[in-house]
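Trainee: I would like to learn how to read the features of a structure such as this one. May we go through them in turn?

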Amino acid sequence: MKWRDPMQFMLILNETPEEFARRADPAEAGAYWGGWNAFIGAMAQAGVIVKGDGLQGPHTATTLRLRDGKRQVEDGPYADTKEQLGGYFVIEVPDLDAALDWAAQAPSALTASVEVRPVLAMPAPPA
């Protein structure tokens with residue numbers, strides 16, 4: 001059996017506004033962060049994490065669009081959504097099935113979603 005090079009996948013962690021609010025709720029924060037710490041600890045122990053970060057709330061976002069050569073900048077959330085981006089991890093695993101196995105363990109998979117995408121391997125520039 002030939003060993004394949006590991007692939008990198010981004011786990012895009014979406015949360016409901018209610019789950020996201022648990023971060024700052026004194027009565028809920030311990031359980032919220034406990035679930036995430038267990039998930040992160042398991043990935044760290046398995047050695048699959050390449051990079052990852054949690055994100056501040058959508059109210060801190062700034063969205064930029066270029067239209068007719070001009071910047072359009074919007075502060076804060078663009079629209080009310082049922083899910084919001086809470087963070088991400090880039091993991092290195094053998095294949096999509098392994099990435100999906102990790103995604104299924106994310107706390108946000110229980111209440112919102114985890115999008116799994118292969119990281120684009122950029123081709124070398126022409127010589």
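Trainee: Which residues form a nonpolar patch on the surface?

Mentor: Patches are made of residues with over 30% relative accessible area and no salt bridge; like charges are joined within 9 Å, and nonpolar side chains (Val, Leu, Ile, Met, Phe, Trp, Tyr) within 5 Å. Accessible areas come from the Shrake-Rupley method with a 1.4 Å probe, and for residues only the protein chains shown count as cover. In this case the patch consists of Leu64, Leu66 and Val73, which together have about 290 Å² of accessible area. Please note that this is a predicted model, in which local features need pLDDT of at least 70 and side-chain atom pairs count only at pLDDT 80 or more, while totals for chains, interfaces and linings use all residues. Residues are numbered from 1 along each chain as its sequence is written, and side-chain values use heavy atoms, with hydrogens and water left out.

Trainee: Is Leu64 buried, partly exposed or exposed?

Mentor: Buried means under 20% relative accessible area, exposed over 50%, and partly exposed in between (1.4 Å probe, protein chains only). Leu64 has a relative accessible area of 49%, so Leu64 counts as partly exposed. This residue lies in strand E3; helices (H or I, at least four residues) and strands (E, at least two) are DSSP runs, numbered from the N terminus.

Trainee: How many bridges join strand E3 to strand E4?

Mentor: Two strands pair if DSSP finds at least two bridges between them. Here six bridges join E3 (residues 62-67) to E4 (residues 70-75), and the two strands run antiparallel. Thr63 stands opposite Glu74 in E4. The hairpin has two residues between its strands, and Asp68 takes a positive phi near 55° there. In a regular strand the side chains alternate between the two faces of the sheet.

Trainee: How many salt bridges does the structure hold?

Mentor: A salt bridge is a side-chain nitrogen of Lys or Arg within 4 Å of a carboxyl oxygen of Asp or Glu. The structure holds six of them. One of these joins Arg65 to Glu74, at 3.7 Å from N to O. Arg65 is partly exposed at 23% relative accessibility, and Glu74 is partly exposed at 32%. Elsewhere, shared partners link Glu19, Arg22 and Glu28 into one network of salt bridges. Glu19 is buried, because its relative accessible area is 18%, whereas Glu28, at 30%, is partly exposed.

Trainee: Which residues have the most contacts inside the largest nonpolar core?

Mentor: A nonpolar core is a set of buried Ala, Val, Leu, Ile, Met, Phe, Trp, Tyr and Cys residues joined through side-chain atoms within 4.5 Å. The largest one has 18 residues, and those with the most contacts inside it are Leu11, Phe39, Met43, Ile91, Val93 and Trp102. At least two core residues come from each of strand E1 (7-15), helix H2 (29-46), strand E5 (84-93), helix H3 (96-103) and strand E6 (113-118).

Trainee: What does Met43 touch, leaving out residues up to four places away in sequence?

Mentor: Contact means heavy atoms within 4.5 Å. On that basis, Met43 touches Leu11, Val48, Ile49, Phe89, Ile91 and Trp102. Met43 lies in helix H2 and is buried, with a relative accessible area of 0%.
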